Amino acid sequence: MSRSVSRQTALAATALALLLVSEPAVAWSAPTSTPSSGTAPVPGPTLGPGEQVSAPIIDIRAPMEDIYLRTEDLDGNSLEAESGGRIELTLAADVLFAFGKADLSPAARTRLAEISRRLRTQAAGKVQIFGHTDSVGHDAQNLTLSRRRAEAVRNELAVGLAGSQITYEVKGFGETRPVAPNTLNGKDNPKGRASNRRVEIRFDK
């Protein structure tokens, strides 16, 4: 009996060994493909014979600002700033008027006659005339004085521009728009105050 069992066991072991050798696919599974990671390539445009790839044109626009060229006369009594389409003239009030007054000096009339000839050939439309003072005195008085000085300049220019189509904008700002400090470290600044006493003439070309 035991010999028969041993024989059957040996036959079963032999059959199992033959099965593993003859068909390995049963014991080992075939490897599967690993999915690719990342982005997939996108095909580009199809070009015909002789065609070329052209890059798009990007229009970049930045805000434009006027660039002024500033010039000053030798004695420092006038300043001119010019951009492509605008001119600004700054005249020292001490040359145009006596201190605290709004009556034009003879030298001022000569200078304004030159400017009126220039305005006739260069100005287009409105001419702005702005008066300014330093900080000496009361605010209300300075405001009135700056206005009267601007009007005096306008009236003198109008003599040389009689018959033209030019119009005027006349304002007085008193001491509210200084271009230099009236005092430095709590002390009077005569040079700065002189720069602030001025009349500005602005016009488009």
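## A right-handed β-α-β unit

Strand β4, helix α5 (residues 139-160) and β5 together form a right-handed β-α-β unit. Right-handed here means that, with the strands pointing away from the viewer, the path from the first strand over the helix to the second runs clockwise. Helices (H or I, at least four residues) and strands (E, at least two) are DSSP runs, numbered from the N terminus.

This is a predicted model, where local features need pLDDT of at least 70 and side-chain atom pairs count only at pLDDT 80 or more, while totals for chains, interfaces and linings use all residues. Residues are numbered from 1 along each chain as its sequence is written, and side-chain values use heavy atoms, with hydrogens and water left out.

β4 (residues 126-132) and β5 run parallel, joined by 6 bridges; strands pair if DSSP finds at least two bridges between them. Isoleucine 129, for one, has valine 170 in β5 as its bridge partner.

## The helix in the middle

With 22 residues, α5 spans 33 Å from its first C-alpha to its last, close to the 32 Å expected at 1.5 Å a residue (1.5 Å times one less than the number of residues). Its buried residues include Leu145, Arg149, Val153 and Glu156, where buried means under 20% relative accessible area, exposed over 50% and partly exposed in between (1.4 Å probe, protein chains only). Looking down the axis of α5, the buried residues fall within an arc of 155°, so they line one face of the helix; the arc is taken over directions from the helix axis to the C-beta atoms.

That face packs against α3 (93-96), α4 (106-122), β4, β5 and β8 (198-204), with contact meaning heavy atoms within 4.5 Å. Over on the other side of α5, Ala140 and Val159 are exposed.

## One aromatic pair

Searching the whole structure turns up 1 aromatic pair. The ring centres of phenylalanine 130 and phenylalanine 173 sit 5.3 Å apart with planes at 90°, so the pair is edge-to-face. The cut-offs, for rings of Phe, Tyr and Trp (its six-membered ring), are centres within 6.5 Å, and planes under 30 degrees apart for stacked, over 60 for edge-to-face and the rest tilted. Both phenylalanine 130 and phenylalanine 173 are buried.

## Two loop residues

Alanine 180, in the loop between β5 (167-172) and β6 (183-184), counts as buried at 19% relative accessibility. Alanine 180 touches Gly192, Ser195 and Asn196, leaving aside residues up to four places away in sequence.

Asparagine 185 has a positive phi of about 55° although it is not a glycine. Asparagine 185 counts as exposed, at 80% relative accessibility.
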